[in-house]
Amino acid sequence: MSGRVTARVLDLLSLLLLLCNGVTSSACNIDLSTRQAWVAAVEDSFATTHNISKGSLIFASVGTISNPSGTYGSHNFPDQTLTRETCECLEGKTCSYAASPPTYSNYDVEGPCKGTFSAEASVALVTVGCLPPSAVQYFAYQTNVFARHHGENGVFFPEVSPLPSLNQLTMSASSWGDPYIVVTTGSQEIADTVKETLVAAGAPEESVYFDGLSHPSVQLSSGDDSTTPDVLEVVVRLNHDNFTPELIDYIADSSTEQLALFLEPLDTPTKVDLLPASPLRTREVDPDQRDFSAELDDLTASITSKLAEQGYVLSYSGIAGTAMDYGYNAQDTDKCCLEGYFDNDSYWKSMIHFSTNDCLYQSHGAWTDVQNGWNEGQPALIGTPLTVNYEAIGEEAYIESFSTFRCSDSGGGEPELLYACASDTCDDDSCQFTSLEKIPALEACHPSPSNDKLFYKYECTEEGDAVMALYLTEKCTGLKVSENVLDGCYNSTAHLEGEIWAG
């Protein structure tokens, strides 16, 4: 008996036991055993034509991502859904990062090869999940362009979705606690077959949703064309201001309650009838929306007056501008993050993680120029200055600090940057420090500024010395040319002037 047949028999035996025992789910209005039967029916339908991977949609634990009022879920499969070649490229082993490495909200549930898959029209991701047991403020299923190949041997990580998300409004046929089933694929035939199979197995037809991948902003490989496909990742976002015990249990039980299948054809079809993406929803603006300008002016005047009574002087005031004025436009994700990524030097790029055409983050106020494109890497106010009091702040300033490199332990470890040191000895007590993993511009392999044949990277030796290692290859691999020990304390003086200093 083959391993595949044995595994199938064990699955059926497990399902039979569940049915006999009447297993129910506290997180879903439909028994787990019933939903597992739906999944088994899809497996049977594609058993002779597709490789099938079983997995689940796993949410990060509450409090483990940067957004305190939310969590993200992503798919995990024991069997890798990417080829080894693609996976090693995303990990930076065989491809160079054309921009920053990928950003993760939670390393436990995300990774370059965890649940990501190539945008091949003939593959399908089937998610058999349940909505949260009670109402939450936002729940959405979105398919992101996780990675895109660039140039001859590069890759970059947009991590945005040009596709409309499925959320609690578009899943209007389902109530809280009800099952929802999403078929993410580029193939109309596969989507229809999965839906027919599920409905025949007893799944509610109105709870099956299609997530079509045929979209101008997705590089989708179809049949025998020569398109280099994007790498996709599905993310489920959940936001709420009150994580009740019931909701926390729903999140904690996701690895067993939120089921998933990945279907990959045994033989790549030469022609695929494409499943188009859903049309983009239009922005709805309340015509009676109030203008709060007068109230904000009064509040500003009140704050200024009260602080003046305490001896403070207003040094600067301004109107904070919108850092990203995007949303509900078919070209938005292209302009910010896909086709236009390398054609602009916008200051908000590092904040687009998991954004969609439905809602590209709109942010205001002070930003740092992460691309060194418009303000030499310095922070500044984004908006319109109103008043600048140079008597209070001085017309310019020199801020002197020092920095150095060290290794995380004496036996090699990872390079760390000590920065904002007050003294020119760079002693630990006066410095802040961070690992270079958090500073992509320092962690990456760079062309040498003095020799166009060499490349350098910051590393640690076995003796525990931080070094700048020189290589002959642009990935900083293979034979090293030399190692220069970084044992100095370097001056990091910044010169701020005018409105930039004020802001």
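I began with a definition: buried means under 20% relative accessible area, exposed means over 50%, and partly exposed is in between, using a 1.4 Å probe and protein chains only. With that, I found that buried residues make up 44% of the 503 residues in the protein chain.

Two reminders on the source. The model is predicted, so I kept in mind that local features need pLDDT of at least 70 and side-chain atom pairs count only at pLDDT 80 or more, while totals for chains, interfaces and linings use all residues. Residues are numbered from 1 along each chain as its sequence is written, and side-chain values use heavy atoms, with hydrogens and water left out.

**Overall layout**

I listed 11 helices and 25 strands in the protein chain; these are DSSP runs numbered from the N terminus (helices: H or I, at least four residues; strands: E, at least two). Next I looked at contacts, meaning heavy atoms within 4.5 Å. Among those between residues at least 6 apart in sequence, 70% join residues at least 24 apart.

**Aromatic pairs**

I noted the rule before searching: rings of Phe, Tyr and Trp (its six-membered ring) pair if their centres lie within 6.5 Å, with planes under 30 degrees apart counted as stacked, over 60 as edge-to-face and the rest as tilted. My search of the whole structure gave eight aromatic pairs. In one of them, the rings of Tyr97 and Phe157 have centres 5.3 Å apart and planes at 90 degrees, so I logged the pair as edge-to-face. Tyr97 lies in strand S3 and Phe157 in the loop between strands S7 and S8, so this pair ties together parts 60 residues apart in sequence. Phe157 is buried at 7% relative accessible area, whereas Tyr97 is partly exposed at 31%.

I then turned to Phe117 and Phe262, whose ring centres are 5.7 Å apart with planes at 55 degrees, so the pair is tilted. Phe117 sits in strand S4 and Phe262 in strand S12, so the pair ties together parts 145 residues apart.

**Salt bridges**

How many salt bridges does a search of the whole structure find? I got six, taking a salt bridge as a side-chain nitrogen of Lys or Arg within 4 Å of a carboxyl oxygen of Asp or Glu. Among them is Glu43 with Lys54, at 3.8 Å, N to O. Glu43 lies in helix H2 and Lys54 in strand S1, so the pair ties together parts 11 residues apart in sequence. Glu43 is buried at 8% relative accessibility, while Lys54 is partly exposed at 36%.

I also wrote down Arg406 with Glu416, at 2.8 Å, N to O. Arg406 is in strand S17 and Glu416 in strand S18, 10 residues apart. Arg406 is partly exposed at 24%, and Glu416 is buried at 13%.

**Two serines**

Ser105 is in the loop between strands S3 and S4 and is buried at 13% relative accessible area. I found 5.2 Å between its C-alpha atom and that of Ile65, 40 residues away along the chain. Ser222, in the loop between strands S10 and S11, counts as buried at 19%. Ser222 touches Ala121, Val272 and Leu274, not counting residues up to four places away in sequence.
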